[in-house]
Amino acid sequence: MKKSSLYQAVIFSLIVLSCNISTLAQPKMTSETRGIIKIVAEEYKISNGQSENWKDLISVYPIYKTGTGFSLSFLAKRNNQFNESDLLNGGIEIGSQIGSILTLRVPINLLTGLSNLVGLEYLEVAGKVTPDL
């Protein structure tokens, strides 16, 4: 094998390895969760929470009014890189925790950055809670 071919093989291997490592750090999400995040973020950006479409989204998804705007609720599974203060300092509210499963409320303006969160293995939009009356 020529020296340049070996060099190219090493560089290629390093690129593949670095891509795999960065992918492992991202929380896994279903296509449904990714779709909901996209729809909610785009509608909020367009209407600032003031349209009929926004009211429809609130009736279907776990979107809640907060002191500074709106948040979308999630279920998450944490991993060994989880650091509670990182999420809290980033503006994400942590709710109930049972073992490695926790609930989160993420401000709508932070939704597009969810794929970059470290410390979460899995992320899913929570179900909408409605009274049984």
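Guide: Of the chain's 133 residues, 32% count as buried, and keep in mind that this is a predicted model. If you take the contacts between residues at least 6 apart in sequence, 64% of them join residues at least 24 apart. The chain has four helices and five strands, and from the N terminus they run α-α-α-β-β-α-β-β-β.

Now for the helix pair. Two packed helices are described by the angle between their axes and the distance between the axes. Here the pair is H2, residues 31-47, and H3, residues 52-60: their axes come within 9 Å and cross at roughly 145 degrees. The crossing of H2 past H3 is left-handed. On the H2 side, the residues involved are Ile 39, Val 40, Glu 43, Tyr 44 and Ser 47, and they meet Asn 53, Trp 54 and Leu 57 of H3. Sorted by class, that contact has five nonpolar residues, two polar ones and one charged one.

For a look elsewhere, go to H4, which spans residues 84-89 and includes Glu 84. Glu 84 has a relative accessible area of 36%, so this residue is classed as partly exposed. Setting aside neighbours within four places in sequence, Glu 84 touches Ile 94 and Gln 97. Glu 84 and Ile 94 sit 10 residues apart in sequence, and their C-alpha atoms are 8.0 Å apart.

Notes: Residues are numbered from 1 along each chain as its sequence is written. This is a predicted model: local features need pLDDT of at least 70, side-chain atom pairs count only at pLDDT 80 or more; totals for chains, interfaces and linings use all residues. Side-chain values use heavy atoms; hydrogens and water are left out. Helices (H or I, at least four residues) and strands (E, at least two) are DSSP runs, numbered from the N terminus. Buried means under 20% relative accessible area, exposed over 50%, partly exposed in between (1.4 Å probe, protein chains only). Contact means heavy atoms within 4.5 Å. Axes are lines fitted to C-alpha atoms, for helices over the stretch in contact, and angles run from 0 to 180 degrees between N-to-C directions. A crossing is left-handed if the near helix is turned anticlockwise from the far one by less than a right angle, and right-handed if clockwise. Ala, Val, Leu, Ile, Met, Phe, Trp, Tyr, Cys and Pro count as nonpolar, Asp, Glu, Lys and Arg as charged, and the others, Gly among them, as polar.
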